[in-house]
Amino acid sequence: MVNSPHEAMHRIFQEYPGLFTGVSKVLGLPFIQPTSVTVLPTDLTEIQPVERRVDTLLRFDGAEPMLLAVEAQSAKDPNKPASWAYYLSFLYTKYKIPPVLLVVCQDRTTAEWAAQPVPIGPRWWAALTVHPLVAGPHNMPLITDPEEARADLALATLSAITHAKDPDVGGILKALSTALQDVPEAVADPIIEFTAQGLGANRRAGELWRNLVAVDLSFYKSYISEEIRDEGRVQGRVQGRAEDILLVLAARGLDVPDEIRERIIGCDDPDLLRLWLTRAVTAPSAEEIFMEEDV
């Protein structure tokens, strides 16, 4: 399983192309339901220039055909608008269908930056303006009702992903796990994986989801579900070992500065934590449990 929020933020549109229908309703867009959706190749490289790839590319056919380019963006990047302008121009040239750019973000600062129109051209005349749609914590709904989550599992998953850093993410995850309890395993599996993937390194949200998969969805025996539970067990052992180190240091009356406490708690290597725990029993100071690693 690839543990990357970047992948989840755009690949979920490949797995559930109809997700854009729900997103368009949330954003108040006059989007006409397509008759079919096609996942297109993401390679936008020309014969000679540098390779360029959009994250996800979908083709919507129907009364108003359009292309949807989905980009996952984790931070501000001053070079991105130029790349986005290239993507849109290339797509329109290649497919002769109007393209739309959707940028998915997990933090409000990045989302607000991405939503700003970027004029390209001299100060007195913009020859082209890049104006992305943006889905992020500032405008995606907090879906905390299991019935609402059940009505659109893909949108509920995107809600969890875009609100991964929100203090209320637990309510979204609980609603999603509850909604998954009465759906077939084949339907639940990709939702479980995308959610775990999208939460990424967010320790609190990731731990909440692993616990919910272990408890609320314990009846699923798929590879994905078991892998997420195993990650939860490993994470639990890691957290327990870090707490043991701090307990030993405190029992010995040693001072533990904040930076050392954060380094111990932030470590996810069980073997290294075991070594530090062994040293914590005899080390003359908290700093010296890291002695060889800092050489």
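Here are a few friendly notes on this predicted model, from the overall fold to its aromatic rings.

1. Let me start with the overall make-up. The protein has 12 helices and seven strands. Of its 295 residues, 44% are buried.

2. On contacts, take those with a separation of 6 or more: 65% of them join residues 24 or more positions apart.

3. Now to the rings, where I hope you will have a look for yourself. The count of aromatic pairs is eight. One of them joins Phe20 and Phe60, with ring centres 5.9 Å apart. Their planes meet at 50°, which lies between the 30 and 60 degree limits, so this pair is classed as tilted.

4. Where do the two partners, Phe20 and Phe60, sit in the chain? Phe20 belongs to helix H2 (residues 19–26), while Phe60 belongs to strand S2 (residues 56–61). The two are 40 residues apart, and the pair thus links distant parts of the chain.

5. Finally, a charge over a ring is worth a glance. Arg263 lies over the face of Phe290, 4.0 Å from the ring centre.

Terms used. Residues are numbered from 1 along each chain as its sequence is written. This is a predicted model: local features need pLDDT of at least 70, side-chain atom pairs count only at pLDDT 80 or more; totals for chains, interfaces and linings use all residues. Side-chain values use heavy atoms; hydrogens and water are left out. Rings of Phe, Tyr and Trp (its six-membered ring) pair if their centres lie within 6.5 Å; planes under 30 degrees apart count as stacked, over 60 as edge-to-face and the rest as tilted. Helices (H or I, at least four residues) and strands (E, at least two) are DSSP runs, numbered from the N terminus. A charge sits over a ring if NZ of Lys or CZ of Arg is within 6 Å of the ring centre and within 35 degrees of the ring normal. Buried means under 20% relative accessible area, exposed over 50%, partly exposed in between (1.4 Å probe, protein chains only). Contact means heavy atoms within 4.5 Å.
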